[in-house]
Amino acid sequence: MALEIENIVNKHESALKKYRGLYICADLLATFLIFYVLFVLFNMRDLFLMFSTFEPYTGAKFNILGFGIIFETLGLIFLAFVLSLILTAIRYYRAEKKDAISFLEEKYPVLKERLRTAYDNRNTDNIIVRDLIGGVIIDSKPVQSSSFLDRRKLAKNLFVIVFTASVLAYVVGTGYQTTVGPTDLKGVIEKIPLASGSDANLYPVKENGGTSNNESNPGIFGKPEVIVVEGKEVDLKMPPGSGQGFTSQQEGNQTNESFIQSDLENPEAVSSQAYYENLPEGYRKVIQSYFEEIAKE
Amino acid sequence: MNEINIDSGQAATTYQNAGRIFKTFFEEIGNVIVGQNRVIEQIVIAILCEGHALVESNPGLGKTLMISTVSKAMNLKFSRIQCTPDLMPSDITGTNVIEEKDNRKEFRFAPGPIFANVVLSDEINRASPKTQSAMLEAMQEQQVTVGNDTFLLDRPFFVLATQNPIEMEGTYPLPEAQLDRFLLKILVDYPSYEEEMEIINRYTKSEVPKISRGLDKDTLLDLQKLTRLVPISEELKQRALSIVSMTRKDKEHIEYGASPRASIGLILAAKARALIEGRNFVSKEDIDYMAYPVLRHRLILTFEAERKGMTPDQAVEDIIKKVK
């Protein structure tokens with residue numbers, strides 16, 4: 001009798017475990033498809049272009065099971081899978097876990113408290129326990145494991161899978177794409193006053209300095225100014241690294257000269273050369289014509 | 001695994017007829033006692049668990065009638081001890097008396113009223129602590145020692161002690177350690193209007209109601225053994241233990257909680273209730289229902305709780321709600 005009650009509970013327990021596995025797979029697939037469809041719709045493949053680590057692989061094709069799949073697609077599949085795995089794991093970790101006995105007692109009130117008591121006392125042999133186990137075995141006969149299957153939950157997942165698969169097929173077939181992409185999201189994030197942590201009007205200063213030809217920040221340097229002095233064009237382009245201080249490309253040569261203390265001079269103010277009346281040759285005309293041009297504008 | 005070695009044929013018969021036995025028993029009691037079904041049930045539970053019960057009620061609510069009727073219905077020997085401050089231990093246990101026989105004088109033990117199956121110890125809190133101890137020792141050990149001789153008490157042995165909740169002046173309230181020896185504390189309420197009308201109708205006639213049928217001693221002994229065989233799930237054992245252990249943790253309302261004796265008592269009482277109700281398993285309702293009579297005399301409330309008018313039953317109710 002003890003073996004019989006154990007077999008009943010174990011049979012339903014294994015059926016329950018199978019159904020749980022089915023729910024997890026269905027949930028995982030549905031979540032994965034939702035994520036993947038969203039990634040495709042919102043051009044998330046451009047995300048890989050924003051990371052220098054992935055840049056060399058963008059556009060590369062990989063042969064998997066005879067299919068040539070580009071790196072971005074693989075990346076999106078992997079990302080969607082990982083996210084859906086995490087989300088599914090969290091949901092199932094937090095979900096209430098009932099054992100087979102609780103399930104049976106809930107679904108079949110005639111077994112309420114009796115099944116658990118019979119199962120816990122299955123190794124005890126006395127007249128009352130035998131009577132209890134006998135009664136429970138008889139009342140458990142009509143119980144079908146298939147009654148544990150939550151058809152509604154599965155149908156919901158199936159609907160989501162079919163819907164997202166259809167959307168994906170449509171997007172892939174028609175090549176439909178939204179105009180929203182990760183770069184747009186980046187712009188949105190940066191416009192949030194505190195989230196970006198900096199003034200949106202300021203541009204980041206690049207390590208190696210910028211030139212007037214820096215197209216990524218067209219507003220900073222403006223158009224290169226050209227001045228014609230006496231028929232000759234004077235190049236006013238800022239050399240690279242100017243204004244940025246010393247960079248690795250502009251290290252001065254090290255000298256081992258010992259420090260020579262300068263003579264003590266009279267510490268009176270020395271005016272800037274800009275105000276010298278006697279400017280070096282050619283500078284006076286350049287400066288003068290520059291200000292004349294500005295005045296004309 | 002065989003738990004208790006009993007005659008399986010007789011026990012099987014008793015078990016199969018248990019439902020009918022109890023139904024008939026309570027009907028017979030109902031012919032004499034009006035209402036008080038809960039009290040009668042708890043007295044029977046205490047008997048089935050081989051425990052003892054403390055009854056607290058106002059005078060005139062039929063305590064003596066109840067217990068004498070139960071003992072008659074069970075075909076058990078009944079004795080009553082009216083406790084007074086001058087009651088001596090030997091008045092309860094018995095004493096050696098000198099007897100002359102064949103020109104020889106010898107001591108003969110004259111058993112006291114404790115030598116019965118059902119003993120009503122009326123107003124036990126009026127007896128002196130020494131006399132209370134003699135009674136409680138007999139309850140605990142189920143034997144009596146007089147001089148160098150030990151006398152076993154007949155089984156089943158059940159003591160119903162009563163206390164009057166009013167007029168406590170000049171009494172010797174039972175200390176906590178001795179209260180703990182009682183399995184249940186039963187509260188008797190006044191009857192309802194209809195019940196009191198029925199009492200008047202029955203007991204103002206020339207004929208006093210009597211019990212015609214009873215339960216024999218062997219059947220009662222079998223029922224006591226069957227009580228311990230009633231199975232209980234691990235979940236409910238944990239629930240019972242949680243309830244009792246929480247009485248020690250709730251320091252806000254309870255100064256001293258119940259001992260492990262209460263855990264044993266609660267599970268046994270729940271098993272007895274399941275058997276009386278005709279079930280072959282203990283349910284959650286049994287545990288929750290029996291928690292009140294098992295625990296109410298084992299808790300000492302804090303001063304603040306008593307000042308607010310909290311009763312032990314309310315403390316037990318709070319604990320039951322907290323335990324999942």
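Predicted model: local features only at pLDDT ≥ 70, side-chain atom pairs only at ≥ 80, totals over all residues.
In soluble globular proteins, nonpolar side chains tend to be buried together.

Next, the two domains of chain B. The domain assignment gives domain 1 as 9–204 and domain 2 as 230–324. Their C-alpha centres lie 24 Å apart. The contact between them takes 21 residues from domain 1 of chain B and 20 residues from domain 2 of chain B.

Which residues is Phe158(B) in contact with, leaving aside its neighbours within four places in sequence? The list holds Ile43(B), Ala46(B), Ile47(B), Gly51(B), His52(B), Ala53(B), Ile67(B), Asn117(B), Val118(B) and Val119(B).

His52(B) deserves a stop of its own. Its place is in the loop between helix H3 (37–48) and strand S1 (53–56) of chain B. Is His52(B) buried or exposed? His52(B) counts as buried because its relative accessible area is 4%, and buried means under 20%. Leaving aside its neighbours within four places in sequence, His52(B) is in contact with Ala46(B), Met139(B), Gln142(B), Phe157(B), Phe158(B), Val159(B), Phe182(B), Leu183(B) and Leu184(B).

A search of the whole structure finds one cavity of 30 Å³ or more. About 40 Å³ of space lies in the largest cavity. Gln142(B) and Phe157(B) are part of its lining, along with Glu50(B), Arg155(B), Pro156(B) and Gln224(B). By type, the lining of the largest cavity divides into two nonpolar, two polar and two charged residues.

The largest pocket has a volume of about 520 Å³. Of the 19 residues that line the largest pocket, those closest to its centre are Arg20(A), Tyr23(A), Glu96(A), Phe103(A) and Lys153(A). Helices H1 (2–41), H2 (71–94) and H3 (100–107) of chain A each supply at least two lining residues. H1(A) gives the most, with six residues. What is the division of this lining into nonpolar, polar and charged residues? Eight are nonpolar, one is polar and ten are charged.

Finally, chain A as a whole. Chain A has ten helices and four strands. From the N terminus on, its elements run α-β-β-α-α-α-α-α-α-α-α-β-β-α. Of its 297 residues, 26% count as buried. Take the contacts in chain A with a separation of 6 or more: residues 24 or more positions apart account for 67% of them. Chain A is divided into domain 1 (2–188) and domain 2 (223–237 + 282–297). Taken over C-alpha atoms, the centres of these two domains of chain A are separated by 73 Å.

Technical notes: Residues numbered from 1 in each chain as written. Chains lettered and ligands numbered in written order. Heavy atoms only, no water. 1 Å grid on protein atoms, 1.4 Å probe; cavity = no way out; pocket = protein on both sides within 12 Å on 5 of 7 lines; lining within 4 Å. Points joined across faces, edges and corners; volume = space filled by probe spheres on them. Nonpolar A, V, L, I, M, F, W, Y, C, P; charged D, E, K, R; others polar. Domains from an automatic or database assignment. Contact = heavy atoms within 4.5 Å. Buried < 20%, exposed > 50% of the residue type's maximum accessible area, 1.4 Å probe, protein only.
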